[in-house]
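This briefing covers aromatic rings, a helix and a pair of helices. Please look at the sequence and the structure before reading on.

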Amino acid sequence: MIVDGYNVINARRSGGAMDSYSLADAREKLVGDLMDYAGYSGQDVVLVFDAWMSDRTTRTEEKRGAVTVVYTQKGEIADRYIERLCDELASDIELHRLEVRVASSDALEQTIVLGRGASRMSSRELMFEMSQLRNDGIRRVIEKPVARRATIGERLSPSVRAKLEEMKKK
């Protein structure tokens with residue numbers, strides 16, 4: 001899964017979910033949510049934040065569990081990074097050794113990644129999928145019956161248990 005970070009943050013903000021968050025807090029919240037998502041889904045996630053208007057001179061990558069957070073360098077937008085990554089993975093995608101999904105609501109970006117063999121989903125679809133997967137995972141944990149530990153007496157063979165009962169009567 002490759003995620004256009006600011007695209008998802010903007011979709012969340014337009015839904016009113018992130019109004020009280022600063023941009024830095026919104027990034028951290030998205031990273032945390034995607035770490036949960038990766039844990040529930042078993043997918044590796046590449047989260048891309050573009051820095052095309054910042055002073056960042058080099059691209060940085062930070063591994064956080066199953067999530068790799070990429071900050072592009074000045075002048076590089078997330079879309080170009082995502083396209084290059086899809087290009088690098090194209091042969092594995094074509095040979096069905098790898099499935100790549102890209103989360104972005106940018107229609108042009110969706111068309112480009114489809115042409116490179118990746119599948120696409122909108123930012124809102126990703127948010128819905130993350131919510132559903134998290135709720136299903138929590139529900140499975142809650143609904144999971146609590147295992148009762150067996151007592152020592154229950155683990156004994158019937159013959160040993162009978163002998164102990166006789167000893168107890170004496």
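Y6, F49 and Y71 are linked into a cluster by ring pairs. The model is a predicted one.

**Aromatic pairs**

- A pair of aromatic rings is described by the distance of the centres and the angle of the planes.
- The ring centres of Y6 and F49 are 5.0 Å apart and the planes stand at 55 degrees, so this pair is tilted.
- Y6 belongs to helix α1 and F49 to strand β2 (residues 45–49), so the pair ties together parts 43 residues apart in sequence.
- F49 also pairs with Y71, and this pair is stacked, with 5.4 Å from centre to centre and 25 degrees between the planes.
- This second link joins distant parts of the chain, since F49 is in strand β2 and Y71 is in strand β4 (residues 67–71), 22 residues apart.

**Burial**

- F49 has a relative accessibility of 0% and counts as buried; Y71 is buried too.
- Y6 has a relative accessible area of 19%, and it is buried because the cut-off is under 20%.
- Helix α1 (residues 5–14) has 7 of its 10 residues buried, so it is largely enclosed by the rest of the structure.
- The buried residues of α1 are G5, Y6, N7, V8, I9, A11 and R12.

**Helices α3 and α4**

- Helix α3 (residues 78–94) packs with helix α4 (residues 107–115) at about 10 degrees, and their axes are 10 Å apart.
- The two helices, α3 and α4, are therefore roughly parallel to each other.
- D79, I82, E83 and C86 of α3 make the contact with E109, I112 and V113 of α4.
- Of the residues in this contact, 4 are nonpolar, 3 are charged and none is polar.

Terms used:
Residues are numbered from 1 along each chain as its sequence is written. This is a predicted model: local features need pLDDT of at least 70, side-chain atom pairs count only at pLDDT 80 or more; totals for chains, interfaces and linings use all residues. Side-chain values use heavy atoms; hydrogens and water are left out. Axes are lines fitted to C-alpha atoms, for helices over the stretch in contact, and angles run from 0 to 180 degrees between N-to-C directions. Helices (H or I, at least four residues) and strands (E, at least two) are DSSP runs, numbered from the N terminus. Angles under 35 degrees count as roughly parallel, over 145 as roughly antiparallel, 65 to 115 as roughly perpendicular and the rest as oblique. Contact means heavy atoms within 4.5 Å. Ala, Val, Leu, Ile, Met, Phe, Trp, Tyr, Cys and Pro count as nonpolar, Asp, Glu, Lys and Arg as charged, and the others, Gly among them, as polar. Buried means under 20% relative accessible area, exposed over 50%, partly exposed in between (1.4 Å probe, protein chains only). Rings of Phe, Tyr and Trp (its six-membered ring) pair if their centres lie within 6.5 Å; planes under 30 degrees apart count as stacked, over 60 as edge-to-face and the rest as tilted.
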